[in-house]
Protein chains: 2
Amino acid sequence: MSNAKVLPLLDPEPAEAVAPCCPPLTERPFSAEEAERTAPMFKALGDPVRLRLFSAVASHEGGEACVCDISDVGVSQPTVSHHLKKLREAGLLTSERRGTWVYYRVEPSVLAAMGQLLTAR
Amino acid sequence: MSNAKVLPLLDPEPAEAVAPCCPPLTERPFSAEEAERTAPMFKALGDPVRLRLFSAVASHEGGEACVCDISDVGVSQPTVSHHLKKLREAGLLTSERRGTWVYYRVEPSVLAAMGQLLTAR
DNA sequence: CATCTATGTTGACACATGTCGAACCAGTGC
DNA sequence: GCACTGGTTCGACATGTGTCAACATAGATG
């Protein structure tokens, strides 16, 4: 597979990955189960350092970035790793090791799902 | 603390400018200042109870609800009040006392701003 | 194999947060 | 005035979270 991914605008249908989570917040009151499932995603973005890391990855070329490119956020390297792990556990990022460096990329379906949650009725 | 003049409700300040906050997370890496300003909104929605309360208010008739209508989320009433205060401090809700009851309503501009943040490029 | 560089993990700490019961405040009605 | 109801604040506690230094691990390179 020669790596010819410049900007995958037309992704293959992710469908059942994250989409069937929940309706917009304004549609009807969330159930306890829906809230328990959805809150961690917001929580993951609720820290300034994580927000910067996520934004750095999401805005990077192809929605993918090496740790070395984004780790300048004013905290120590272990702390960066800790926050990246949190973002990974929340399902917002995925990581992959290629040789010496580790690359993080955004989970596009999650971004879309969160956007839908905040869609005004 | 025997200060008699206390008016905890009807704060004149809450929910100032939140709309003109930041570009989408995917546009460019967030600065420290942008992240510090934006993260609290996500943090406020990062708790299941607060997410249910916010959803209950947002989905209610006219985007407004009495506390008595939404306080059935499985925690005590002081805890409900505590979470509603957090949502107010984050600029997501505003409160108003009308007679016996206190009504909370969503800040529509905030909802739109957060939706824009998650808009995919 | 030895060593260096890039990340992740562990342990420890201070601090923030969610939760409750009790006390308090604001209106309504007796 | 008094009691009652809705809602907030206070005080206290257990748990969670962000942070770092120290250590551990994975590849690359000599």
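This is a predicted model: local features need pLDDT of at least 70, side-chain atom pairs count only at pLDDT 80 or more; totals for chains, interfaces and linings use all residues.
Residues are numbered from 1 along each chain as its sequence is written, while chains are lettered from A and ligands numbered from 1 in the order in which they are written.

User: In what order do the elements of chain A run?

Analyst: Helices (H or I, at least four residues) and strands (E, at least two) are DSSP runs, numbered from the N terminus. Chain A has 5 helices and 3 strands. Starting at the N terminus, they go α-α-β-α-α-β-β-α.

User: Where in chain A is the confidence highest?

Analyst: Confidence is given as pLDDT, the predictor's own score for each residue, from 0 to 100. Chain A averages 84, and 83% of the residues score at least 70. Residues 1-19 of chain A fall below 50, and that stretch has 12 contacts in the model beyond near neighbours in sequence. Among the elements, helix H5 (residues 108-117) of chain A is lowest with a mean of 90, and the highest, at 98, is H4(A).

User: Why does B:Leu84 count as buried?

Analyst: A residue is buried if 20 or more other C-beta atoms lie within 10 Å of its own, exposed if 12 or fewer, and partly exposed in between, with C-beta atoms placed from the backbone. B:Leu84 lies in helix H4 of chain B, and leaving aside neighbours within four places in sequence, B:Leu84 is in contact with B:Leu53, B:Val67, B:Leu93 and B:Tyr104. B:Leu84 is buried because the number of other C-beta atoms within 10 Å is 23.

User: How far apart in space are B:Leu84 and B:Leu53?

Analyst: Along the sequence, these two are 31 residues apart. They are also in contact with each other. From C-alpha to C-alpha, B:Leu84 and B:Leu53 are separated by 7.5 Å.

User: Which residues of chain A does B:Leu51 touch?

Analyst: B:Leu51 sits in helix H2 of chain B and counts as buried, with 28 C-beta neighbours inside 10 Å. Within chain B, it touches B:Leu45, not counting residues up to four places away in sequence. Over in chain A, its partners are A:Phe30, A:Ala35, A:Thr38 and A:Ala39.

User: Is B:Ala112 buried or partly exposed?

Analyst: B:Ala112 lies in helix H5 of chain B. Its C-alpha atom is 29 Å from that of B:Gly74, 38 residues apart along the chain. With 15 C-beta neighbours inside 10 Å, B:Ala112 counts as partly exposed.

User: How many residues does each chain give to the contact between chains A and B?

Analyst: On the chain B side, helix H1 (32-44), helix H2 (48-58) and helix H5 (108-117) each supply at least two residues. That side divides into 19 nonpolar, 8 polar and 6 charged residues; Ala, Val, Leu, Ile, Met, Phe, Trp, Tyr, Cys and Pro count as nonpolar, Asp, Glu, Lys and Arg as charged, and the others, Gly among them, as polar. Chain B gives 33 residues, and chain A gives 33.

User: Which element gives the largest share of the surface near DNA strand C?

Analyst: A residue is near the strand if its C-beta atom, placed from the backbone, lies within 6 Å of it. In total, 25 residues surround DNA strand C, the closest being A:Pro78, B:Val75, B:Pro78, B:Thr79 and B:Gly99. By class, this surface has 11 nonpolar, 10 polar and 4 charged residues. The largest share, 6 residues, comes from H4(A).

Conventions:
Two residues are in contact if their C-beta atoms, placed from the backbone, lie within 7 Å.
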